[in-house]
Amino acid sequence: MSTIDNLPPLRDVIATHELAAKKSLGQNFLLDLNLTAKIARLAGDVSAADVLEIGPGPGGLTRGLLAEGARRVLAIEKDPRCMPALAEIEAAYPGQLQVINGDALDVNPLEHLTAPIKIAANLPYNVGTELLVRWLTPPAWPPFWESLTLMFQREVAQRIVAQPGNKAYGRLALLAQWRSDPRIVLDLPPEAFSPPPKVNSAVVHLTALPAPRYPADPAVLNKVVAAAFNQRRKMLRSALKSVSPDIETHLAAVGIKPTERGEQVGLEAFCALARQVADNPT
Ligand code: SAM
């Protein structure tokens, strides 16, 4: 029995179900259920929410979320070896946990969830940023989720919260800060995981804003910031040539010096540039 529920400790679960971690699936498991319950608490009050969890693995965070009283958890896990362990949690929380054995990039979770929806995950590093960008760039806002509580490599977490002038500042910071309020809420050393990864990790909490901070078309803004930071050393007038042949005129129209680099330009100016580009198609 563990400290948070009547299920066996995670080390025993992993041994019983022979869940040797696979590097190819980004498997670094959290074994301390007090820690997973703490991460679940960082998601805020889950008692009136459906929670989407990506990559439950042996179920440490899943059990944390359920012990914290989540109304429902939908967990999407790619590794079929984890299914028997997750079925034991399902049995301990009847009607509260649904597990899908599939790739989070292919499954549409909305078919299985009811608002309000929170997302909480210790993300596999190989699909973590792709999922985050998808959650941040739907055509319409507000999105289907009200908050994201996500574990990343610390270096990725810093890219999400970075400010202009910082070397971590770029596309992720702009997309995240445009439509949400992101904060690093917990730092974790490698020893918190089994096996320990080579780098530190951090939990980022992002609350969806009711509306984006500044108007802009998400697809155009995404294209502009992707080009601006694709070769971060380049001046914007050459980095953004692929966006519009008239980019120097557009930069001047919104008050950005064409010799500036992306990392010197703030969110408001990038949104103005995206609007200028969208309003003047070539
Ligand atoms: N949540 C568990 C924990 O905190 O101990 C496991 C986290 S581990 C970092 C990432 C999990 O994501 C693994 O269980 C892995 O099998 C799963 N995973 C990897 N790629 C996935 C994908 N494309 N879709 C769904 N799950 C995936």
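Analyst: One term to start with: a residue is buried under 20% relative accessible area, exposed over 50%, and partly exposed in between, using a 1.4 Å probe and protein chains only. Also, this is a predicted model, where local features need pLDDT of at least 70 and side-chain atom pairs count only at pLDDT 80 or more, while totals for chains, interfaces and linings use all residues. Residues are numbered from 1 along each chain as its sequence is written, and side-chain values use heavy atoms, with hydrogens and water left out.

User: Got it. Which residues of α5 are buried?

Analyst: Val127, Gly128, Leu131, Leu132, Val133, Trp135 and Leu136. Helices here are DSSP runs of H or I with at least four residues, strands are runs of E with at least two, and both are numbered from the N terminus.

User: How far apart are the end C-alpha atoms of α5?

Analyst: They are 17 Å apart, which agrees with the 16 Å that its 12 residues should span at 1.5 Å a residue. The expected span is 1.5 Å times one less than the number of residues.

User: Which salt bridge involves Glu130?

Analyst: Glu130 pairs with Arg134, and their closest N and O atoms are 3.5 Å apart. A salt bridge means a side-chain nitrogen of Lys or Arg within 4 Å of a carboxyl oxygen of Asp or Glu. The two residues sit four apart in helix α5, so about one helical turn separates them. Glu130 is partly exposed, at 40% relative accessible area, and Arg134 is partly exposed with 40% too.

User: How many salt bridges does the structure hold?

Analyst: There are 12. One of them joins Asp50 and Arg72, with the closest N and O atoms 3.2 Å apart. Asp50 is in strand β2 and Arg72 in strand β3, so this pair ties together parts 22 residues apart in sequence.

User: Is Asp50 buried or exposed?

Analyst: Asp50 counts as buried, at 2% relative accessibility. Asp50 is also part of a salt-bridge network with Arg71 and Arg72. For another bridge, look at Arg183 and Asp181, whose side chains meet at 2.9 Å, N to O. Asp181 is partly exposed, with a relative accessible area of 26%.

User: Switching topic: what volume does the largest pocket have?

Analyst: About 900 Å³. Of its 44 lining residues, Gly26, Gln27, Asn28, Pro124 and Tyr125 are the closest to the centre. On a 1 Å grid over the protein atoms alone, a pocket is an open set of points with protein on both sides within 12 Å along at least five of seven lines; a cavity is a set where a 1.4 Å probe fits but cannot get out, and lining residues have an atom within 4 Å of a point. Points are joined across faces, edges and corners, and a volume is the space filled by probe spheres set on them.

User: What supplies the largest share of that pocket's lining?

Analyst: Helix α5, with five residues. By class, the lining has 22 nonpolar, 15 polar and seven charged residues. Here Ala, Val, Leu, Ile, Met, Phe, Trp, Tyr, Cys and Pro count as nonpolar, Asp, Glu, Lys and Arg as charged, and the others, Gly among them, as polar.

User: And what about the second largest pocket?

Analyst: Its volume is about 260 Å³. Among its 19 lining residues, the closest to the centre are Asn108, Pro109, Arg134, Trp135 and Phe144. Helix α5 gives the most to this lining as well, with three residues. The classes come to 16 nonpolar, one polar and two charged.

User: Which residues line the largest cavity?

Analyst: Leu7, Pro8, Val13, Pro58, Arg63, Ala85, Glu88 and Ile89. The volume of this cavity is about 40 Å³, and helix α4 (residues 83-92) provides the largest share of the lining, three residues.

User: Last one: how many aromatic pairs are there?

Analyst: Three in the whole structure. Tyr169 and Phe229 make an edge-to-face pair, 5.8 Å centre to centre with 85 degrees between the planes. Rings of Phe, Tyr and Trp (its six-membered ring) pair if their centres lie within 6.5 Å, and planes under 30 degrees apart count as stacked, over 60 as edge-to-face and the rest as tilted. Phe229 and Phe270 are both buried, and Tyr169, Phe229 and Phe270 form one aromatic cluster.
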